[in-house]
Structures are given as structure tokens and as C-alpha cells.
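Please walk me through this structure. Start with its pockets, then turn to a helix, a hairpin and a few loop residues.

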Amino acid sequence: MHQLELMATFSKVVEEGSFTKAAQALNCSKAHVSQQVSRLEEGLGVQLLFRSTRKLSLTEAGETYLRFCQQIVETADEAGQALESLQGDVTGTIRISTPVSFGEVFLNDIVLAFAEEHPRTRIELDLDNRIRDLKEDNIDVAIRTSTHLDFDLVAIPVGSWREVLCASPDYVKRNGVPESPTDLYRFTCLVNSHFQNSTIWRFEQGEDFINAPIDGRLAINNFILLKQAVQAGAGIARLPSYLAKQELERGELVPLLEDFQTGEYPIYVVYAYQKAIPLKVRRFVDFVRTWFETEY
């Protein structure tokens, strides 16, 4: 086991490109990582790395040895996952990435329910509208609400969402309502600046498509704040159906142009492709899929 630990440390140093980053990934000190690699070299009687202040590089012996280290570490991980699967107990940390608005609406309920069912897990929830690199950022699972997916991801569909055009009752009372998308230029429209072409809103009616230019006087790159601005009577906006559902049901927001569709978008649970899927990832993906089937 000690030899395996040294091999895993050496492999992580090469993967991260520095002792400092490897130490961060392994949650230990840089000195400990350096000492581990030195012990490995001493035990083997060869130098594995060229060290300089700028970068690390592999020696010829290091290149040869690294391939075996990676294979052995991968096999050990797969063996552990296989045993974990047989035991049926989910443990360890699950890192989850999700868009901000989606996370605020759904993930609290999902995460709390999963944590209650699997008390030996630790969950780290990362809310960010950027598309995160799952492997580089060490993320186990992500929620994606668009069709733009990397080729090396496994995507499990769990639901879908639409954008709804809406305004507050006060705004409608003061300004009236648009009769068609082409009327929108006469109204104050609020846009999410996170998306391209945010000042051209596309609508569908049957087989017809309408591109409606709008005057986006207020641009916000966060749907939560955008909804608050709409509720305050600042104008008309397109909001995700899951975010505006309760306000529409309570009459706090008014739906507009309901005869025109703005498109439907999938909701995916995604994870990086790998030979052996960790039990914690499989269980969480299954849990999310079941949750959407029964709750959404």
C-alpha cells in the first residue's frame, strides 16, 4: 500500500504539472509530496523527474515508469469502486456544478433529500453560469440546461424547460400588452446579457419563425435578479419556466404572447466518460432522474 501511495503521488505530480498543484489536489503539503516522490526515486534507484524553478519534466525512466503507475492507480481505483458497488453504501465527496438559477430552484431540495438518504456522503455544490470543465475542475456531476455538450460527457436527460415571456401586473396595467412579437420594440424589455443575440428574441408559431428586435434597456446576466426586476415592474423579460412557475400561479407575474413559443430546452445530468463509474455518481444520477420523474 505504501508503494502504491508513492506511485499515485508521482502520477498526480505529473498530471498537475507541479508539486504545489499536486499537493492541493491531494489535500496535503507541498513538502510531503516532494518527500514522497524523493522516496520513490530512492527506492527505485533512478531519477524520475527533472526539477527546475520553472517547470518539471520527466526523465526517460520517468516516462517509462509513469505509464505503469497510471495503469496500476487506475486499476486500484476500479477495484475500490467494484467493492464499493458490492457493498452498496455510498460514501465520499460529490462535487456538483449547476447554473445559478437552476441550482437555487432545484438543487437545495435534491441535495438535502440525497444527503438524508446517504448520510456518509459529503456534497459540494458549485453554482456558476460558466460551462465548467468537469475533469480539470474535479467535478463529479453537472446539470446542463442546453444542447451544447462536450463529446467526452455522458448526458442523461431528466426533463426540459421553456422560456416564458412575462411582466408584472403593475407594468401591464400601465403599459398594456403586446399583441405579437413585432410589438415588443415599443415596450421596455429586460434581457439576460449572458446569452448571445439577447436583443433579438426568436418566437415560433406553428411552422413560422419570428425574429423580434427589442430595446434591451436593462441587461442582467443573472436570471434571479432579472426576475426581481420584472416583479418590480421594470419591464418584460423571458424567464425560465421553472423559475417563474410559482409567481405565475400566484398571479404575481402575467404571461404574455402565449400563442407564440420560444422553444423547449433539455435538462441533462452529465458526468465525464470513464471506464468505471463511481457508485456515488451512479446513485446521484439515478436519484436526480427519479426526483424529476416524481416531483417536476
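The lining of the largest pocket has 15 nonpolar, 14 polar and 16 charged residues. Here Ala, Val, Leu, Ile, Met, Phe, Trp, Tyr, Cys and Pro count as nonpolar, Asp, Glu, Lys and Arg as charged, and the others, Gly among them, as polar. The model is predicted: local features need pLDDT of at least 70, side-chain atom pairs count only at pLDDT 80 or more, and totals for chains, interfaces and linings use all residues. Residues are numbered from 1 along each chain as its sequence is written, and side-chain values use heavy atoms, with hydrogens and water left out.

The space in this largest pocket is about 2,000 Å³. A pocket is found on a 1 Å grid over the protein atoms alone, as an open set of points where a 1.4 Å probe fits, with protein on both sides within 12 Å along at least five of seven lines; lining residues have an atom within 4 Å of a point. Its volume is the space filled by probe spheres set on the points, which are joined across faces, edges and corners. In the largest pocket, 45 residues form the lining, and Lys 12, Glu 15, Asp 77, Asn 138 and Asp 140 lie nearest the centre. Several elements give two or more residues to this lining, including α1 (2-16), α4 (60-87), β3 (92-98) and α9 (279-295). Helices (H or I, at least four residues) and strands (E, at least two) are DSSP runs, numbered from the N terminus. The largest share of the lining, nine residues, is from α4.

Now take the second largest pocket. Its volume is about 960 Å³. It is lined by 40 residues, and Ser 146, Trp 161, Glu 163, His 194 and Phe 195 are the closest to its centre. This lining divides into 17 nonpolar, 16 polar and seven charged residues. Among the elements that supply at least two residues each are β3, α5, β6 (153-167) and β8 (200-205).

Helix α5 covers residues 100-117. Its 18 residues reach 24 Å from first C-alpha to last, close to the 26 Å expected at 1.5 Å a residue. The expected span is 1.5 Å times one less than the number of residues. Where does α5 bend? The bend is at Phe 106, by about 50 degrees. That is the angle between axes fitted to the seven residues ending there and the seven starting there. Phe 106 is also buried, and other buried residues of α5 include Phe 102, Ile 110 and Phe 114. Buried means under 20% relative accessible area, exposed over 50%, and partly exposed in between (1.4 Å probe, protein chains only).

Strand β8 runs antiparallel to β9 (residues 208-213), and six bridges join them. Two strands pair if DSSP finds at least two bridges between them. Arg 202 stands opposite Asn 211 in β9. The hairpin has two residues between the strands, and Gly 206 takes a positive phi near 65 degrees.

Most residues other than glycine have a negative phi. Asn 27 has a positive phi of about 60 degrees although it is not a glycine. Asn 27 sits in the loop between α2 and α3, and is exposed at 72% relative accessibility. Asn 138, again not a glycine, has a positive phi of about 55 degrees. Asn 138 belongs to the loop between β4 and β5, and counts as exposed at 55% relative accessibility.

Glu 136 is in the loop between β4 (121-127) and β5. Is Glu 136 buried or exposed? Glu 136 is exposed, because its relative accessible area is 66%. Its C-alpha atom is separated by 9.6 Å from that of Glu 16, 120 residues apart along the chain.
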